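Subject: Structure handover

Hello,

Here is the structure you asked to take over. Please open it before reading on; my notes follow below.

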Amino acid sequence: MTDNPTLTVRDNRTGEEYELPITDGTISASDLGKIGKTDDQAGIALYDPGFTNTASCRSAVTFIDGEKGILEYRGYPIEQLAESSTYLEVAYLLIHGELPTKEQHEKWVHEITFHTFVHENLKSLMQGFRYDAHPMGMLLSSVGALSTFYPEATKISDVDLRHEQMVRLIAKMPTLGAWAFRHAQGKPYVYPDNDLTYTENFLSMLFKMSEHTYEPDPRLAKALEVLFILHADHEQNCSTNAVRSVGSSQVDPYSAVSAGIAALYGPLHGGANEAVLRMLKRIGSKDKVGEFIEGVKNGDERLMGFGHRVYKNYDPRAKIIKKACDDVFEVTGVNPLLEIAQELEKIALEDEYFVKRKLYPNVDFYSGLIYEALQFPPEMFTVLFAIPRTSGWLAQWTELVDDKEQKIARPKQIYTGDRGLDFVPASERWA
Ligand SMILES: CC(C)(COP(=O)(O)OP(=O)(O)OC[C@H]1O[C@@H](n2cnc3c(N)ncnc32)[C@H](O)[C@@H]1OP(=O)(O)O)[C@@H](O)C(=O)NCCC(=O)NCCS
């Protein structure tokens with residue numbers, strides 16, 4: 001390997017050769033754009049729908065090695081964070097780049113805890129939704145609406161103001177998510193209880209009824225803490241890319257994050273755990289698993305919760321979630337679908353079809369079982385993803401705002417339509 005690696009590209013249209021520097025395993029698209037460029041002709045561009053092999057940024061937030069099944073936040077393995085950290089400490093780590101000192105942690109937790117309340121007018125706005133409104137629709141609208149309550153949020157280069165909005169967003173997401181849940185049930189919205197931890201308070205806002213103080217089961221609060229840590233960031237996925245793309249216009253963070261929520265709303269992103277549950281219910285019993293696997297191998301259907309665009313190994317988050325299942329089921333009783341899921345996993349991990357294609361359980365394989373055991377309807381599953389992902393979106397957003405190399409997102413296209421047609425007025429066309 002040389003110190004200054006390059007890629008030589010020969011343009012066979014002209015016979016000319018170009019030497020492009022390779023930096024961090026990439027070539028720059030603008031260097032590529034110089035190839036074959038003339039006054040009448042654009043240079044070479046990349047065609048990459050879905051950005052499957054295009055780096056859109058430099059990022060120091062999250063590292064993934066999909067082949068080896070490694071996930072690290074700011075260099076710390078996800079397994080260690082899930083085992084020994086808290087969601088708020090992880091949120092601090094993601095946003096600030098390093099673990100907090102004791103004082104920084106106390107200040108951070110205090111700030112988040114005391115921004116959990118939302119303006120009463122926002123509550124009225126949420127109450128205006130139809131009784132059967134999807135909680136994700138309610139969440140993305142109410143987060144977007146937050147921008148109107150904090151007009152100073154548009155000053156994104158002011159570091160202190162930026163910090164304040166990030167605190168507000170992380171603090172208010174559980175409130176908005178829980179209210180969207182209560183709304184669907186026709187139950188009164190529960191105000192935050194600032195004596196509780198982040199996940200305890202969330203459980204309180206979800207499930208509190210007439211009791212004076214809600215006392216969450218510590219095992220459930222801990223399991224939720226683990227799930228929140230696992231979902232906090234996952235580098236340049238669809239919703240993070242949406243936050244960055246919308247954020248690149250220098251809009252306020254509430255609007256950028258609501259774009260992330262919108263992206264997560266889609267079934268290809270946040271909806272897979274719901275599909276896993278539907279699949280398990282359809283299979284119905286352990287003895288039908290073999291027959292189902294045959295159907296998958298014949299190409300009749302997919303084994304939902306298996307396979308991943310990036311992970312070609314066991315998704316490290318799936319291993320941790322499997323453990324969290326035991327803790328939750330100890331409180332709620334075992335979800336009967338667990339037996340089917342375990343049998344599916346056992347057979348699939350040994351089967352040539354799945355082994356050859358490197359198909360392993362992903363984070364969604366077990367998370368739906370936990371959410372269902374916690375009495376969440378499937379529409380809430382994505383809300384439970386959006387709440388913790390907010391810290392990751394914000395870490396990526398603030399990195400973007402500080403990144404001098406970033407520009408407003410504006411991909412190229414390959415135009416395939418007509419050109420230079422003569423317009424005929426409607427009065428003549430329809431005559
Ligand atoms: C996640 C997913 C979309 C990744 O897709 P991808 O990287 O584009 O992989 P491909 O669709 O190209 O699949 C590669 C091969 O594995 C097969 N495959 C991938 N996922 C499969 C699954 N869940 N069940 C059965 N076969 C699967 C494909 O049929 C293909 O086989 P082929 O080479 O014989 O055509 C895909 O694995 C999937 O649909 N999984 C189920 C849904 C899910 O759990 N999504 C949540 C992701 S966090």
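Which residues touch the most other members of the largest nonpolar core? They are Leu 139 and Ile 370, in a core of 107 residues. Keep in mind that this is a predicted model. Setting aside neighbours within four places in sequence, Ile 370 is in contact with Ala 223, Ala 324, Cys 325 and Val 328.

The protein chain is divided into domain 1 (1–46) and domain 2 (60–403). Taken over C-alpha atoms, the centres of domain 1 and domain 2 are 41 Å apart.

Next, the sheet. Its three strands are antiparallel, in the order β3-β4-β5, and the sheet is open. Strands β3 (62–65) and β5 (76–77) each have a single partner strand, so one side of each has no neighbour in the sheet. Strand β4 (residues 70–73) is joined to β5 by two bridges. Tyr 73 has Tyr 76 in β5 as its bridge partner.

Last, the annotated positions. An unreviewed UniProt entry places the feature "active site" at His 308 and Asp 364. These positions spread over 57 residues of sequence, yet they cluster in space, with a largest C-alpha distance of 10.3 Å.

His 308 is in the loop between α13 (289–297) and α14 (316–332). His 308 counts as buried because 22 other C-beta atoms lie within 10 Å, where the cut-off is 20 or more. Not counting residues up to four places away in sequence, His 308 touches Asp 315 and Asn 362.

Asp 364 is in helix α17 (residues 364–373). Asp 364 is also buried, with 25 other C-beta atoms within 10 Å. With the sequence neighbours up to four places away left out, Asp 364 touches Ala 272, Asn 273, Val 276 and Gly 305.

Regards

Technical notes: Residues are numbered from 1 along each chain as its sequence is written. This is a predicted model: local features need pLDDT of at least 70, side-chain atom pairs count only at pLDDT 80 or more; totals for chains, interfaces and linings use all residues. Two strands pair if DSSP finds at least two bridges between them. Helices (H or I, at least four residues) and strands (E, at least two) are DSSP runs, numbered from the N terminus. A nonpolar core is a set of buried Ala, Val, Leu, Ile, Met, Phe, Trp, Tyr and Cys residues joined through C-beta atoms within 7 Å. A residue is buried if 20 or more other C-beta atoms lie within 10 Å of its own, exposed if 12 or fewer, and partly exposed in between; C-beta atoms are placed from the backbone. Two residues are in contact if their C-beta atoms, placed from the backbone, lie within 7 Å. Domain bounds come from an automatic or database domain assignment. UniProt positions are given in the numbering used here, feature names are shortened, and annotations may be inferred rather than shown by experiment.
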